[in-house]
Amino acid sequence: MSRIAYVNGSFVPYNEAYISMNDRGYHFADGVYEVFSYNWKGVFVDAIPHFDRLRHSLEALDIAFPLSNKSLLIVMHELMRRNRCREGYLYLQITRGVAPRDHVVLDPLHPVLTLFVRPHVFKETPPLLKVFTTPDIRWKRNDIKSISLLGAIMGKYQSARQGGDEAWLYNDQGFITEGSATNAWIVNNQGIIQTHPVTPAILNGIVRQRLLKIAETLSLPVEEKAFTIEEALKAQEAFLTSSTKGVHPIISIDGHPVASGMMGPITDKLQRAYWHFQHTLTKDYDE
Ligand code: PDD
C-alpha cells in the first residue's frame, strides 16, 4: 500500500512529497504542528480543542489559519481514507511559507500545510514506562506547539541513553514542568492527582484537558500545582499523557521505583476511562 501525504492542497505519494528548500520551517523552524489521534470508529478525538490550540499557536506567530475547521477536517478524513488507515495518528504541520533565507519577512507569505498519517493500534493495556529527569532547557513559550523541538529531543535522548521511555523536564527551581512530548502527572502522597498548572512553561495537552474532566466525573481530587522531583519520587503513582500514548503509567523515575513499581489504582482507573472515551467516540465533535 503506497502511503499518501498532503502537501499544500494536493494528495501525493510519500516519495513525491516535497517542500521547498526555502521553506521557513526548514531554515528557522518557523512553524507549528498538531498531532491528532484517530479512533477505529473513524473519529478525530477532541478535534475542536486541537484546532483551538492550533489557532493559538498560529496567532502567536502571526500566521494565518489556512482553512476553516470544517474544511481541514474534510482533508484530514480524506487523507485517512486514502491511506486506508483505520486507527492511528495524523500529523499536521504549518509553516509560515517559502522565502529566501532572511530572519524577518514582513509581507505575509502563503503558509505551507503538510499532513501525514501514522497507523497505530491503541492497546487497552498500556506499557509500563520508565522516565529519567533532565533539565528543561527549552524556551519560554512552550504553550506554542512549535516545530522547534531541539530542547525536547535533547532531553529525550539523554533519557533514552539510560534506558528511559520518556524524559521528565525540571526547571531551575527543581519543579517538573512536563515530559519531552507528554504531560507529567503524579498521585501525591496524599492521594491527590497533581500536574503542572497551565502556564507558558508547558503545552496544555488535549489529553490533559480531557483527563481533568474525566477525573472530575469520577470525583477524583486534582490539584494543578507543580511538583518537584523529590515529590515525584515519594508519590503513590505517576503517569503521563499525550495524544499518541493516551494515559501511560510510569513505574520508575531516575531508576527508583514509583511506590511498588506497578501501575497504581488511580492511574488504572484514569487509563481505562480515557481509553473507553477515546474508543467509543462516534463524532469528531458536535456541531
Ligand atoms: N506531543 N507536552 C509536550 C511538550 C508535547 O509535545 C505533547 C504532545 C504534550 C501532550 O499534548 P497532547 O495531549 O495534546 O498530545 C505535552 C505530541 C504527541 C508529539 O509531539 O508527538
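Author: Happy to! Since this is a predicted model, let us begin with the elements that build the site. At least two residues of the shell around the ligand come from each of strand 3 (31-38), strand 8 (175-179), helix 5 (206-217) and strand 13 (237-242). Both domain 1 (4-119) and domain 2 (129-280) contribute residues to this shell, so the ligand lies between the two domains.

Now for the shell itself. The ligand is surrounded by 19 residues, and the closest are Tyr33, Arg53, Glu178, Ile206 and Ser243. Sorted by class, the shell holds 9 polar, 6 nonpolar and 4 charged residues.

Next come the individual contacts. Tyr33, one of the closest residues, places a polar side-chain atom 2.6 Å from an oxygen atom of the ligand. The backbone takes part as well: for Ala181, an N or O atom of the backbone is 3.2 Å from a nitrogen atom of the ligand. At Val207, a polar backbone atom lies 3.1 Å from a ligand oxygen atom. How much of the ligand does the protein bury? On its own, the ligand would expose 470 Å², and 91% of that is buried by the protein.

Key:
Residues are numbered from 1 along each chain as its sequence is written. This is a predicted model: local features need pLDDT of at least 70, side-chain atom pairs count only at pLDDT 80 or more; totals for chains, interfaces and linings use all residues. Side-chain values use heavy atoms; hydrogens and water are left out. A residue is near a molecule or strand if one of its heavy atoms lies within 4 Å of it. A polar contact is a pair of N or O atoms within 3.5 Å; within protein, one must be able to donate a hydrogen and the other to accept it, and residues adjacent in sequence count only if both atoms are side-chain atoms. Accessible areas come from the Shrake-Rupley method with a 1.4 Å probe; for residues, only the protein chains shown count as cover. Helices (H or I, at least four residues) and strands (E, at least two) are DSSP runs, numbered from the N terminus. Ala, Val, Leu, Ile, Met, Phe, Trp, Tyr, Cys and Pro count as nonpolar, Asp, Glu, Lys and Arg as charged, and the others, Gly among them, as polar. Domain bounds come from an automatic or database domain assignment.
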